[in-house]
Structure formats: structure tokens, C-alpha cells
Amino acid sequence: MTTPEPPRLSPLWRDDPPKVGDFWLDARLTAGPSGVAFVAHDALHTSVMIVLLSEGASTDPAARDRFAGTVDKMHIDTVVARGGQGQDSGRLGHRVRKPEADDPVDPEGSPPAPWVALAYDGSPAAVAEAD
């Protein structure tokens, strides 16, 4: 029986925000056309996986709704926090973190991209939640 390999992390890109909500980004986990998954931590050093919609997906109302619907279907213990445009309703709307003064601001003044912070233990199964 083989042990699954831990997920491969890659460095943050220059354009990646340093922080999303209350969470400081540490590394990239995976990326696709719809968004990026990061490993991050909060002030108490709790590890989470941040899934952040891409700029293109975040401007599409249908993509934002699909993202919110996917998050609302997750187990309540999996969703640590969520935020961004269109994420404050639904079954897990109470997990929304309102923007803070030190959050990255879009220079064009666009609403913040939808994101979710998921419980993360470094396992391949945890990373599969990002897909």
C-alpha cells in the first residue's frame, strides 16, 4: 500500500494578494481558469486553504452564484470563513468575514472577489476540496 504524496506547494506570484480576509497567504496549491487555491494562516497560526475566484470568474454573476452554491453544500466544519461579493447569503452566509481596512483593494474599486477559507490539514483529500 502506498502513502499518498503531500500536495506540492509553489511560491506566491507577484500579483497574488498578501492577505485575503483574516488570512495571510503562504503558498499556492493549485490554479485553474476559475481561480487559485492557496495555503494560508490566520493570526493564531491556524492553517486554512483559501480558494479565491479569478478576476474573470468573479465578474460573472453566474460563476459567483455557482461558487456560493458549492460552498453552501459543504459541511459546516469544513468552511472556516468566506467573503467577497455575493457570499453573504445562503446556508453558510453567517461565515462571511467583512472586509477590513488592511485588505487588498482593487485599484479600479471593483468589489472583492469571492473566496472561501477551508479547514486544511495538508492531505490530498483536503486539496481535492479546491477542485
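Student: How many bridges join β5 to β6, and do the two run parallel or antiparallel?

Tutor: This model is predicted, so keep that in mind throughout. There are 4 bridges from β5 to β6, and the strands run antiparallel. Two strands pair once DSSP finds at least two bridges between them. With 4 bridges, β5 and β6 therefore count as paired.

Student: Which residues in β6 are the bridge partners of valine 79 and arginine 82?

Tutor: Valine 79 is partnered by leucine 118. For arginine 82, the partner is valine 116.

Student: What makes β1 and β5 edge strands?

Tutor: Start with the sheet. Six strands form an open sheet in the order β1-β2-β3-β4-β6-β5, with antiparallel pairing. β1 (19-20) and β5 each pair on one side only, and that makes them the edge strands.

Student: Why is strand β5 called largely enclosed?

Tutor: Look at residues 79-83, which make up β5. Of these 5 residues, 4 are buried, so the rest of the structure largely encloses the strand.

Student: Why does valine 20 count as buried?

Tutor: The cut-off for buried is under 20% relative accessible area. Valine 20 has 7% relative accessibility, so it counts as buried. This residue lies in strand β1. Leaving out residues up to four places away in sequence, valine 20 touches Leu25, Ile50, Leu52 and Trp115.

Student: What makes phenylalanine 23 and tryptophan 115 an edge-to-face aromatic pair?

Tutor: Check two values. Ring centres must lie within 6.5 Å, and planes over 60 degrees apart count as edge-to-face. Here the centres are 6.2 Å apart and the planes are at 70°. Both tests are passed, so the pair is edge-to-face. The structure holds 1 aromatic pair.

Student: What does this pair tie together?

Tutor: Phenylalanine 23 is in strand β2 (residues 23-32) and tryptophan 115 is in strand β6, so the pair links parts 92 residues apart in sequence.

Student: How do you know that the charged end of arginine 28 sits over the ring of tryptophan 13?

Tutor: The distance limit is 6 Å from the ring centre, and there is an angle limit as well. The charged end of arginine 28 is 3.8 Å from the centre of the tryptophan 13 ring, and it sits over that ring.

Student: How does the reach of α2 compare with the span expected?

Tutor: α2 has 13 residues and reaches 18 Å from its first C-alpha to its last. At 1.5 Å a residue, 18 Å is expected, and the reach is close to that. Its buried residues include Phe67 and Val71. The buried residues of α2 pack against β4, α1 (55-58), β5 and β6.

Student: How many residues has the largest nonpolar core, and which have the most contacts inside it?

Tutor: This core has 18 residues, and Leu29, Val79, Val116, Leu118 and Tyr120 have the most contacts inside it. Among the elements giving it two or more residues are α2 (61-73) and β6 (115-119). A second, separate core has 12 residues, including Val20 and Trp115.

Key: Residues numbered from 1 in each chain as written. Predicted model: local features only at pLDDT ≥ 70, side-chain atom pairs only at ≥ 80, totals over all residues. Heavy atoms only, no water. Core = buried A, V, L, I, M, F, W, Y, C linked by side-chain atoms within 4.5 Å. Buried < 20%, exposed > 50% of the residue type's maximum accessible area, 1.4 Å probe, protein only. Phe/Tyr/Trp six-rings, centres within 6.5 Å; stacked < 30°, edge-to-face > 60°. Lys NZ or Arg CZ within 6 Å of the ring centre and 35° of its normal. Expected span 1.5 Å × (residues − 1). Contact = heavy atoms within 4.5 Å.
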